[in-house]
Every structure is written in structure tokens, then in C-alpha cells.
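Please open the model in the viewer and keep the sequence beside it. The tour begins with a single residue and then widens to the chain.

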Amino acid sequence: MGRPRAFDTGQAMTAAAALFAAHGYEGTSVDDLVTATGVHRGSLYKVFGSKRSLHLTVLRDHLDHEIRPAADAIAALTDPAQSLAAAIASYDGGPAAGLLLLAAAERAPHDPEVAALVAEGVTALEDALRPSHGDAAPQLASTVLGTRLRMRAQPRSKEN
């Protein structure tokens, strides 16, 4: 029988998610993950298998705990202005899209599993906007996500 795990998997995933959301998959090294999580390299590999597997796990968790709850809140709004404002607040200024957008731009073109998870996230936003915006939902979702991507591309000041 092996030793019990000496770290909290959820805390490690939260730290990894923050790194991947800030720096992307390619911009996050295993050494960065070790430092941020406080988990030794061997333990990370034992639990998650690889950096890619950790990234996929974090992205799935992001869908379940950030994207879908945000989409559910948006879908509950029947007023078009309110639902669009909620989408903008959740995706443009909130945590829901950061990791999703970086995964879409950086990994989805090269990794079918990431592409499938990104598609789930985009579809969740489209479906959330559909009750209040009908056939315009996909266009509005693209606008919200595109605006967020443009915001990410802006140079950041030293204070940010």
C-alpha cells in the first residue's frame, strides 16, 4: 500500500488553472507548475500523468465549475439586454472565458481533446443566449468571446 497523497488535488488544480489562464499551456512549464502548486514533479506526474493531462483535467473542471454555471445564470434571464450584459460580465470581465480562450487559440488547433472541450464551452454560451436572442445567439456568443480575446491581447501595464 502506497503513502497517502500529501497534497490537495483541488488546490493543485486551482493553482495550475491560474497559471494556464495567465500564461497559456506553452507558456507554463512543469517547473512553473511545481512552484505554484508546491507539489513535487513526481507527484504531479503520478496523479495527473503529464502536463497535457493536467491541462485537460483543469479545462474540464473549468467547464464544470466556471463555464456551465455562468451559462446557466445567463440562460435564466429572459430579457435580451440583461442576458447579454450577464454574458459580457461573465465572459468579458469575469473568470469564465480566460482559460477557455487561451485553450481555443493555443491548443485546440493541435489537440482534438482540447478542441472538443472548447467547443463545449462555446456551445454552452450559445445555448445560454438562445432563449433571449434566438437565432442571433451564435453571433452574439462570437462577439462576446471575440471581445474578450481582444482584451487579452492588449498590453498590460506593470501594475496589472
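Select H55 first: this residue counts as buried because its relative accessibility is 3%, where buried means under 20% relative accessible area, exposed over 50% and partly exposed in between (1.4 Å probe, protein chains only). The model is predicted, so that local features need pLDDT of at least 70 and side-chain atom pairs count only at pLDDT 80 or more, while totals for chains, interfaces and linings use all residues. Residues are numbered from 1 along each chain as its sequence is written, and side-chain values use heavy atoms, with hydrogens and water left out.

Next, colour residues 51-75, which form helix α4, the helix that holds H55. Helices are DSSP runs of H or I with at least four residues, strands are runs of E with at least two, and both are numbered from the N terminus. Now display F20, Y25, A103, R107 and V114: H55 is in contact with these residues, leaving aside its neighbours within four places in sequence. Contact means heavy atoms within 4.5 Å.

Then move to helix α2 (residues 30-37) and helix α3 (residues 41-48), which pack at an angle of about 100° with their axes 10 Å apart. Axes are lines fitted to C-alpha atoms, for helices over the stretch in contact, and angles run from 0 to 180 degrees between N-to-C directions. In the contact, α2 supplies V30, D31, L33, V34 and T37, and α3 supplies R41, L44 and Y45.

Finally, show the whole chain, which has eight helices and zero strands. Of its 160 residues, 38% count as buried.
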